[in-house]
Amino acid sequence: RMTDQKDQMLILKSLYNLKNKIKFKFLILGKGTNYSKLHKYVIDNNLKNEIKLIGFKSNPYPYIKASNIFILSSKYEGLPNVLLEAQYLKKFIISTDCPTGPKEILLSGKAGSLIKVGNQKQLEKKILFYYNNKNSLIIKNKIKRGKQSMKRFDFDLNCNKYYKTVIKHL
């Protein structure tokens, strides 16, 4: 969703500052009340060749799978399933350390990178670090840890644990 909660403007401003330092293509999927504001920023800052707002997609997986990096810029979340989806697809993740979810999902930064909510300079540094080290063991190990930790969120496993706990107390 393109809303204040998701704070995609943080990403756009960071990418604007990086556009003369790195080459990139960035997609934002979704729709929402901030579409016009985000679109205007892209046009006004001559980012239309680098950044596309492609609207809602019922199946975002091909887009995530084709990407190199996934950025979550939210001010707050519940359980950000999109981080789990990006981990499953073995993507390097940069996320705000917003309440709640990213810190747990990204193992306090061992399975991705965390930045403070709204911190544009940190986001720029993390993007540059990824860009300059994308084939490094640091990046590969974070992606690997993320994929390996997915079993913590397995539906059947957690239902069975819950069921066993309930049966014990009956």
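I looked up Tyr-130 and found it buried, with a relative accessible area of 10% (buried means under 20% relative accessible area, exposed over 50% and partly exposed in between, with a 1.4 Å probe and protein chains only). The model is a predicted one, in which local features need pLDDT of at least 70, side-chain atom pairs count only at pLDDT 80 or more, and totals for chains, interfaces and linings use all residues. I number residues from 1 along each chain as its sequence is written, and side-chain values use heavy atoms, with hydrogens and water left out.

**Aromatic rings**

I searched for ring pairs and noted 1 aromatic pair in the structure (ring centres of Phe, Tyr and the six-membered ring of Trp within 6.5 Å; planes under 30 degrees apart count as stacked, over 60 as edge-to-face and the rest as tilted). Phe-92 and Tyr-130 form this pair, which is stacked, at 5.3 Å centre to centre with 15° between the planes. The pair links distant parts of the chain, since Phe-92 is in strand β4 (residues 92-96) and Tyr-130 in helix α6, 38 residues apart; helices (H or I, at least four residues) and strands (E, at least two) are DSSP runs numbered from the N terminus. Phe-92 counts as buried, at 2% relative accessibility.

I also noted that Lys-134 lies over the face of Tyr-131, at 4.3 Å from the ring centre (NZ of Lys or CZ of Arg within 6 Å of the ring centre and within 35 degrees of the ring normal).

**Salt bridges**

My search of the whole structure gave 4 salt bridges (a side-chain nitrogen of Lys or Arg within 4 Å of a carboxyl oxygen of Asp or Glu). Among them is the one between Asp-4 and Lys-37, at 3.9 Å from N to O, and this pair links distant parts of the chain, with Asp-4 in the segment before α1 (8-18) and Lys-37 in helix α2 (residues 35-44), 33 residues apart. Asp-4 is partly exposed at 46% relative accessibility, and Lys-37 is partly exposed at 44%.

Lys-40 and Asp-44 also meet in a salt bridge, at 2.5 Å from N to O; they are 4 residues apart in helix α2, so about one helical turn separates them. I recorded another between Glu-124 and Lys-121, at 3.9 Å from N to O, where the two residues lie 3 apart in helix α6 (residues 120-133) and are thus separated by about one helical turn. Glu-124 is buried, with a relative accessible area of 8%, whereas Lys-121 counts as exposed at 56%.

**Cysteines**

I searched the whole structure for disulfides and found 0 (a pair of cysteine sulfur atoms within 2.5 Å). Cys-98 is buried at 4% relative accessible area, while Cys-159 is partly exposed at 33%.

**Backbone**

I checked the backbone with one rule in mind: most residues other than glycine have a negative phi, and most peptide bonds are trans. The peptide bond from Pro-99 to Thr-100 is cis, with omega near -10°, and Thr-100 is placed in the loop between β4 and α5 (102-105). Asp-7 has a positive phi, near 50°, and is a residue other than glycine; I located Asp-7 in the segment before α1, where Asp-7 is buried with a relative accessible area of 15%. Asn-46 likewise has a positive phi, near 55°, and is found in the loop between α2 and β2 (51-55), partly exposed at 45% relative accessibility.
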